[in-house]
Amino acid sequence: MKRHQNNAAGFSRRLHFPDDEKRLPWLPLLLDAYAIADDVIDTAITNEINSSNKRLACGQGCVSCCEHHKDLPLFPHELVGIYWYVKEKMPASEKPGLKERLGGHKAEPPCPFLGGGSCSIHPLRPLGCRQFNVFGARCLPGEDPYYTRRDDVLTFSAGHIDRAFAAVIPLYRLNESGAAEAVRLIRAQILNLQTFNWKKLAANI
Ligand code: SF4
Ligand code: SF4
């Protein structure tokens, strides 16, 4: 499953790692960013359900997107979070499988973090995974509804989700005077999780 249950509003689901957040100055900013994004996404989902009577198709155990999508957006600040989570927080029992998947990843689906039918980095999964939500029918194997039925894919204002990028501006040490330009520069650093070289992380697990 690529997103958590849509059962709370606000930032009540912000994750907290008090000791780690004291030690790692970037971590609270990243967790804030994900909390902001989750709030924006949940609001957009609720608005869509209320206005269209559609039901959210995404849910537990539904992983066709993780199995088949070629383009999985990833940003440098998210990469830092994934490295930290995998090295310091992931249950030891999950590490051997992930090490093998990352080491053998061939820059194509499935997502190497998909293991045992779920996302092994779920608490720190990227924004792109969080925001891709589908209404109506669950995706068919191999289907990307962005191309097959765009109207069923959640849309929302880019300006709203920009608040999640604004939360991590300090991590990029940009010399920009305006937040909007800083966010644009961060967005421009987009990577693809599928084509990223995960061998280094695999070697350090
Ligand atoms: S990181 Fe991979 S496994 Fe996790 S939600 Fe995203 S696509 Fe799915
Ligand atoms: S409905 Fe589609 S996008 Fe949503 S979780 Fe299932 S496979 Fe992924």
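Trainee: Why are α2 and α8 called roughly antiparallel to each other?

Mentor: Helix α2 (residues 26-52) and helix α8 (residues 158-166) pack at an angle of about 165°, with their axes 7 Å apart. Angles under 35 degrees count as roughly parallel, over 145 as roughly antiparallel, 65 to 115 as roughly perpendicular and the rest as oblique. The two helices are therefore roughly antiparallel. Keep in mind that this is a predicted model, where local features need pLDDT of at least 70, side-chain atom pairs count only at pLDDT 80 or more, and totals for chains, interfaces and linings use all residues. Residues are numbered from 1 along each chain as its sequence is written, and side-chain values use heavy atoms, with hydrogens and water left out.

Trainee: Which residues of α2 and α8 meet?

Mentor: From α2 come Ala33, Ile36, Ala37, Val40 and Ile41, and from α8 come His160, Ile161, Arg163 and Ala164. Contact here means heavy atoms within 4.5 Å. These residues divide into seven nonpolar, one polar and one charged.

Trainee: What makes α8 and α10 roughly perpendicular to each other?

Mentor: The axes of α8 and helix α10 (residues 179-187) cross at roughly 85° and come within 10 Å. That angle belongs to the perpendicular class, so the pair is called roughly perpendicular. On the α8 side the contact is made by Ala158, Ile161, Asp162, Phe165 and Ala166, and on the α10 side by Val183, Ile186 and Arg187.

Trainee: Why is His69 called buried?

Mentor: Buried means under 20% relative accessible area, exposed over 50%, and partly exposed in between (1.4 Å probe, protein chains only). His69 has a relative accessible area of 8%, so it is buried. You will find His69 in the loop between α3 (64-68) and β1 (73-74). Leaving aside neighbours within four places in sequence, His69 is in contact with several residues, including Pro109, Phe132 and Glu143.

Trainee: How do you know that Asn53 counts as exposed?

Mentor: Its relative accessibility is 73%, so Asn53 counts as exposed. Asn53 lies in the loop between α2 and α3, and has a positive phi of about 65° although it is not a glycine.

Trainee: And what makes Ala107 partly exposed?

Mentor: Ala107 has a relative accessible area of 41%, so it is partly exposed. Its place is the loop between α5 and β2, and its phi is positive, about 60°, although Ala107 is not a glycine.

Trainee: What kind of peptide bond joins Pro109 and Pro110?

Mentor: A cis one, with omega about 0°. Most peptide bonds are trans.

Methods:
Chains lettered and ligands numbered in written order. Axes fitted to C-alpha atoms, helices over the stretch in contact; angles between N-to-C directions. Helix = DSSP H or I, 4+ residues; strand = E, 2+ residues; numbered from the N terminus. Nonpolar A, V, L, I, M, F, W, Y, C, P; charged D, E, K, R; others polar.
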